[in-house]
Amino acid sequence: MNFPLRLPEKWTRRNVLKLSAASVTAVGLGCLGYGAAVRQHVEVSRVTVNVKNLPPEFAGLTIAHLSDIHHGPYTGQSYIARCVEIVNGLQPDLVALTGDFTFAGRRYVEPCAEVLSGLKARVGVYTVLGNHDYYVGASYVARALKAAGTTLLIDGLDRLEHRGAKLWLIGMDDMYYGTTDLRQLMRNVTGGHARVVFSHNPDFIEEFAAKNQHVDLLIAGHTHGGQIRFPVLGAPHIASEYGQRYAMGMQERKHMQVYTTRGIGTILLPTRFDCPPEIPLYTLQPA
């Protein structure tokens, strides 16, 4: 027996609004639920970076990048350990850690650093700090990461040398809470050698452009790619002064390349939608 579908005798504006609100709520909850389920499905992004003045001796140099770990209730040690295993499996020459190691307090700092002490790289593991590290105490986070065997490069420089060829590594302090004097820092970068910058915030590329300081590649995090993205519309909110421009992936500013990773952790909501966590592996090649 067929039962006819019963509809309201009269579709009122209130009926339509109720149905629309229920539909939006159901879709929203579904998106959040799906995002929570896949928020730790990490993608490895293999990024070839063509560097104009890269010496042949550094051709093929690889840098693995971890950012925005946010160890806390949503991001546990087992997940961070799995990310460390992924990085070690890539066998990188360098590892760059670009800030925001915790989200929910000091008690998460040392356990996070302990897991990160398992990172392996032929040249070294380099660390800069992010805004969340300042929230819990920058010096406290820095000490824990130094004890874990990483090289702090906070407003600091390192010059790699191989068979007479040179490559500069430049580490920035946090853009909002640090005290970076960019011109003073760059005054010590001598010669026309290739320059790679580690920064928490991708907006620093605009500082380099404004002060006519050239670098070849800046890698950063901070934005999480928006963490929640919608087709066509993109992310409702990006933690950048420049909106969607430096939200994620590779961009260019005054012939300088900047790559923003989506990071591996989450904040506020334990969910990601159309914005999976990411571990980039950069391979430098002469242009």
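A: Start with His71. Leaving aside neighbours within four places in sequence, His71 is in contact with Gly76, Gln77, Ile80, Phe101, Thr102, Phe103, Ala104, Tyr108, Pro111 and Cys112. Keep in mind that this is a predicted model.
Q: Where is His71 in the chain?
A: His71 sits in the loop between strand 2 (62-66) and helix 2 (77-90).
Q: Is His71 buried or exposed?
A: Buried, because its relative accessibility is 5% and the cut-off for buried is under 20%.
Q: OK, switching to Glu278. Which strand is Glu278 in?
A: Glu278 is found in strand 12, residues 278-286.
Q: And is Glu278 buried or exposed?
A: Glu278 has 1% relative accessibility, so it counts as buried.
Q: What does the side chain of Glu278 make a polar contact with?
A: The side chain of Tyr259, at 2.6 Å. A polar atom of the Glu278 side chain also lies 2.9 Å from the backbone nitrogen of Arg262.
Q: What else does Glu278 touch?
A: Not counting residues up to four places away in sequence, its contacts include Val42, Glu43, Ser45 and Gly263. Ile264 is also one of them.
Q: How far apart are Glu278 and Ile264?
A: They are 14 residues apart in sequence and 5.7 Å apart in space, C-alpha to C-alpha.
Q: Now the surface. Which residues make the nonpolar surface patch of about 340 Å²?
A: Tyr135, Tyr176 and Tyr177.
Q: Where does Tyr177 lie?
A: In the loop between strand 7 (165-171) and helix 6 (182-187). Tyr177 has a relative accessible area of 42%, so it is partly exposed.

Key:
Residues numbered from 1 in each chain as written. Predicted model: local features only at pLDDT ≥ 70, side-chain atom pairs only at ≥ 80, totals over all residues. Heavy atoms only, no water. Helix = DSSP H or I, 4+ residues; strand = E, 2+ residues; numbered from the N terminus. Buried < 20%, exposed > 50% of the residue type's maximum accessible area, 1.4 Å probe, protein only. Contact = heavy atoms within 4.5 Å. Patch = residues over 30% accessible without salt bridge, like charges linked within 9 Å, V, L, I, M, F, W, Y side chains within 5 Å. Areas by Shrake-Rupley, 256 points an atom, 1.4 Å probe, with all protein chains shown as cover. Salt bridge = Lys/Arg side-chain N within 4 Å of Asp/Glu carboxyl O. Polar contact = N/O pair within 3.5 Å; in protein donor to acceptor, adjacent residues only side chain to side chain.
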